[in-house]
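Student: I would like to learn how to read the interfaces in a model with several chains. Could we go through them one by one?

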There are 4 protein chains.
Amino acid sequence: MENRYRLLIATEDKKGLIHQISGVLFRHNLNIEINNEFVETQFNRFFMRTDIGGEPTDSLFNDLREVLLPDHQIKLIKKHKKRVVILATKEHHCLGDLLLRYKYSELDFDICAVISNYNSLRSLSESFGVEFHFVPHESLSREEHEERLLSIIVPLNPEYIVLAKYMRILTPQFVEIYKERVINIHHSFLPAFIGANPYKQAYDRGVKIIGATAHFVNNNLDEGPIIAQSVLNVNHTYSAQDMAQAGRDVEKQTLARALRLVFDDRVFIFHNKTIIFE
Amino acid sequence: MENRYRLLIATEDKKGLIHQISGVLFRHNLNIEINNEFVETQFNRFFMRTDIGGEPTDSLFNDLREVLLPDHQIKLIKKHKKRVVILATKEHHCLGDLLLRYKYSELDFDICAVISNYNSLRSLSESFGVEFHFVPHESLSREEHEERLLSIIVPLNPEYIVLAKYMRILTPQFVEIYKERVINIHHSFLPAFIGANPYKQAYDRGVKIIGATAHFVNNNLDEGPIIAQSVLNVNHTYSAQDMAQAGRDVEKQTLARALRLVFDDRVFIFHNKTIIFE
Amino acid sequence: MENRYRLLIATEDKKGLIHQISGVLFRHNLNIEINNEFVETQFNRFFMRTDIGGEPTDSLFNDLREVLLPDHQIKLIKKHKKRVVILATKEHHCLGDLLLRYKYSELDFDICAVISNYNSLRSLSESFGVEFHFVPHESLSREEHEERLLSIIVPLNPEYIVLAKYMRILTPQFVEIYKERVINIHHSFLPAFIGANPYKQAYDRGVKIIGATAHFVNNNLDEGPIIAQSVLNVNHTYSAQDMAQAGRDVEKQTLARALRLVFDDRVFIFHNKTIIFE
Amino acid sequence: MENRYRLLIATEDKKGLIHQISGVLFRHNLNIEINNEFVETQFNRFFMRTDIGGEPTDSLFNDLREVLLPDHQIKLIKKHKKRVVILATKEHHCLGDLLLRYKYSELDFDICAVISNYNSLRSLSESFGVEFHFVPHESLSREEHEERLLSIIVPLNPEYIVLAKYMRILTPQFVEIYKERVINIHHSFLPAFIGANPYKQAYDRGVKIIGATAHFVNNNLDEGPIIAQSVLNVNHTYSAQDMAQAGRDVEKQTLARALRLVFDDRVFIFHNKTIIFE
């Protein structure tokens, strides 16, 4: 299992593409061990995720680029645990689940730090040996608060930012820095119940199913590419609080499922949607 | 199993209520065979669904009324197949499923007639021995069209109107006539994707779950009390047409499930929500 | 919300029973606030779960007994957090989830202690402030090992024993002591894949769904009354290890759901099945 | 969409395989429009499903064979509706659903005939314009009965035999003739409740979920490769009949889902399991 690499390609499609890409790999003496491909026909775009055996050399990139049309993206990833910073506010359920999964290696990630605008999740985080930063937002502008967040986050050099019930809106500037790398868990089966008090809304509407949506964050709140969605059944005997508990349960499951897909490099983003090789 | 009756009571709650109601039944020599109760505490309202053994006499109603507070509703139902008129447009999937269930008694109902503003479902309906009425809406005002519908529906005296993908909006006047008796299947996991082209919307948004909602119709389109909701998983390989097929499948399942609950008298409506004794 | 009581009755059914029970409550000035009833018709047995308002006096029991047929059970429960001892072996996922729910009061219970035949879950338990006992089973007979367990458990006086992936079979003697109070999470959608290596079995059989079953323990391994079952979808790309991870996820969800029902006194046991007022 | 072909390859894996296969296609001027690949690592077997654009010539097969190791299977399929014979007994629900899907092209198949050992489904089949054959089994040996079946089936030359609740066991001889082409819907979440009266078994066991399994038929009853599985929730109020109705609903959904996958050439069989490109 040593020295395993993963190749991710997103490119304009053309005739003979797979033959050419696989030819480059063959000439580099690299074996295709797992291979997923998808062509988005509306925009003629080709996506490929390949686990390769063997040791790539520096010239692989150039050789691949030569066979691709100009509009392409290539990533060669040496398999590793993804570096993650978690932002939270006061709710414990998603954070707690992620800390357990971290401790027992149930997700392929390292939690570099937990940062919250409240101090209440400190003991939970620290009991798992994870450093915790309390960055209050009071009397700060959104920009000032994010500056303080970034002064902690940037040196940690995370690959992903996970919003584990972080209840503040990020600025476009922040999102731009970690473009397509910020993952949020939304308290609803999007696009329903956007906004505040979702479980009160769900209760008032008398829904029979509670859902949750994990998605990448873009500049339009709650409208980024969807990674995973799940639901739980509820009924008329559920109070708004019971619905909130059901919501917590479905949120933590959905977030964990989405992160498994992302950390395993299974998720491509294209035109505000995801292509997921499950 | 002959002569089985069901008693439905919705009333303002008070101390000793169950004792008093059960006392009336006991004095009438009626046995409580299945009993469901629920108290909506926010508005202090009591709901009860009771299958009773024995033969009720005319005085039962009066005796029950005497022990209830003024704001109450009572229904005594001799168990029977519910009389239903189905309205449809051009889509076959919900209608086809209901016709099969009718033929093989998989739902406790009789279909008196199918009425459509197109003629395309005639052969399907008639192949199951169900009368079909083609009532085109072209060059008619909504009121004129509904008048023609009602001239067919009213003489059939249905207990419920089922909108099996009937793609026209009913007037408040129509809804008022069959108040809390019109059931619709909505192409979405309400409250998401209200409006036209739901599967195109779902495809564009890149959702991972397709849902459907069966609900009673009130005057606010798609906002009536929810009876049942279900979902199916989809993924990025689904075209908008594939999503539509998944939608058809989940719609017909959800509608059938909702109708089973309604025809079995398990559904109370209160404050635009349902209380369902499952 | 203070002084809230719950009444649980299981008894042979008879005509007028609800009237008589509700009459006793009325005369004791107790209000029926939530009421669930079910009659098992095959054996003519009546089940009732009632949340009552007011303060019961000592004579309530006697007065209730007078109106019930001889074959009955009554419990009057002052609402409280259930005292629980958790038995585990080496797997962390169910225990971790329960510890989080305990810390944040997401389940209505107190964890008195965690006991394991291995020492590996000590730090996890103690990081949540829960006492941990390491009771190795090596070189002990099953009876000797259970004696040591009981020497810890009995003084703690738990109402329920939760087997959170406790991988040893309990003797009939142990089960008898905590009859209908030992809850197990089983690595399968019972009655499938009974036995060892369930995920290897599931992988070999090529199943498309992984399940879990929470059940009460009786003397026939894996055959006690079922409380809750859930499933997750899997596919051919899942290795046996991936299936095991899916299994862990569905196990912890299913156990938590079952415990919510049990600790909320919603579960009756009758003829090796459960009646659950959800 | 005219002249669309699909290529299915199952072969021993080797280095450079994708490059060589895609090279053959490229030299034949064929475009890879949709491509799925999977390598079963335990047995080193490669599976590929490719939708190709262009018009293959006779030499394609030979050229492909030249680049594959000896142990391989190739199928080149011109896309078409699959020819299907349905075997049934007395239950209507799966057959009815398939007939509706046939009439409205919701599955990519043609139903050549329905054959049953009872006459009760004749009117249903014929109302959809499908020929129906009544082949009673009484006073016939299993072999004699199958001979009569085959005298009808063989001339119809079906690609698949669908057992839509056909309640008789097929002989190994019959299964051999239509090897890996007979699809059954099983009344359970296999491997649970194998045998007769599954819903009575489920009721007696007090399960909380009802399942169904669609699978290919091999010589070990109920042990063929699984294609699809689904579940529905049930509870203690369900009678054995209610569970049977829930079973019918989940069976017809599961069978339709499995057939969609099979008729779309998404299912490979290998070592008694399925590889499904969803």
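Student: Which conventions apply to the numbering and to the confidence of the model?

Tutor: Residues are numbered from 1 along each chain as its sequence is written, while chains are lettered from A and ligands numbered from 1 in the order in which they are written. This is a predicted model, in which local features need pLDDT of at least 70, side-chain atom pairs count only at pLDDT 80 or more, and totals for chains, interfaces and linings use all residues, and side-chain values use heavy atoms, with hydrogens and water left out.

Student: How many residues of chain A and of chain B take part in their contact?

Tutor: Contact means heavy atoms within 4.5 Å. By that rule, chain A brings 32 residues and chain B brings 32 residues.

Student: What area is buried between chain A and chain B, and which residues supply it?

Tutor: Buried area is the accessible area (1.4 Å probe) that two parts lose on being put together, summed over both. Between chain A and chain B about 2,600 Å² is buried, with carbon and sulfur atoms giving 60% of that area. On the side of chain A, A:Arg205, A:Lys208 and A:His236 supply 27% of the area buried against chain B, more than any other three residues.

Student: How many salt bridges and how many polar contacts are there between chain A and chain B?

Tutor: A salt bridge is a side-chain nitrogen of Lys or Arg within 4 Å of a carboxyl oxygen of Asp or Glu, and the count between chain A and chain B is zero. A polar contact is a pair of N or O atoms within 3.5 Å, where within protein one must be able to donate a hydrogen and the other to accept it, and residues adjacent in sequence count only if both atoms are side-chain atoms; between chain A and chain B there are eight residue pairs in polar contact, both residues at pLDDT 80 or more.

Student: Which elements of chain A touch chain B?

Tutor: Helices (H or I, at least four residues) and strands (E, at least two) are DSSP runs, numbered from the N terminus. The elements of chain A that give two or more residues to the side touching chain B are E2, helix H7 (198-205), strand E11 (226-233) and strand E13 (273-276), and E11(A) provides the largest share, six residues. For classes, Ala, Val, Leu, Ile, Met, Phe, Trp, Tyr, Cys and Pro count as nonpolar, Asp, Glu, Lys and Arg as charged, and the others, Gly among them, as polar; this side of chain A divides into 16 nonpolar, nine polar and seven charged residues.

Student: What does the interface of chain A and chain D look like by the rules already given?

Tutor: Here 16 residues from chain A meet 16 residues from chain D, and about 1,600 Å² is buried, 56% of it given by carbon and sulfur atoms. Helix H1 (17-27) and strand E2 (31-40) of chain A are the elements that give two or more residues to the side touching chain D, and E2(A) gives the most, with six residues.

Student: Why can one say that chain A and chain D meet through the same surface?

Tutor: The copies meet through the same surface because 100% of the interface residues of chain A are also interface residues in chain D. A rotation of 180° with 0.0 Å of shift along its axis superposes chain A on chain D, with an RMSD of 0.0 Å, and in chain A the C-alpha nearest that axis belongs to A:His19, 2.5 Å from it.

Student: Where are the domains of chain A, and what salt bridges cross between them?

Tutor: Chain A is divided into domain 1 (4-78) and domain 2 (82-276), the bounds coming from an automatic or database domain assignment. Domain 1 and domain 2 of chain A bury about 920 Å² between them, 69% of it on carbon and sulfur atoms, and A:Phe43, A:Phe47 and A:Arg49 lose the most area on the side of domain 1, together 48% of what that side buries. The rule finds three salt bridges across this domain interface. A:Arg49 also forms a salt bridge with A:Asp264, whose closest N and O atoms are 3.9 Å apart.

Definitions and conventions
Least-squares fit on C-alpha atoms with pLDDT ≥ 70 in both.
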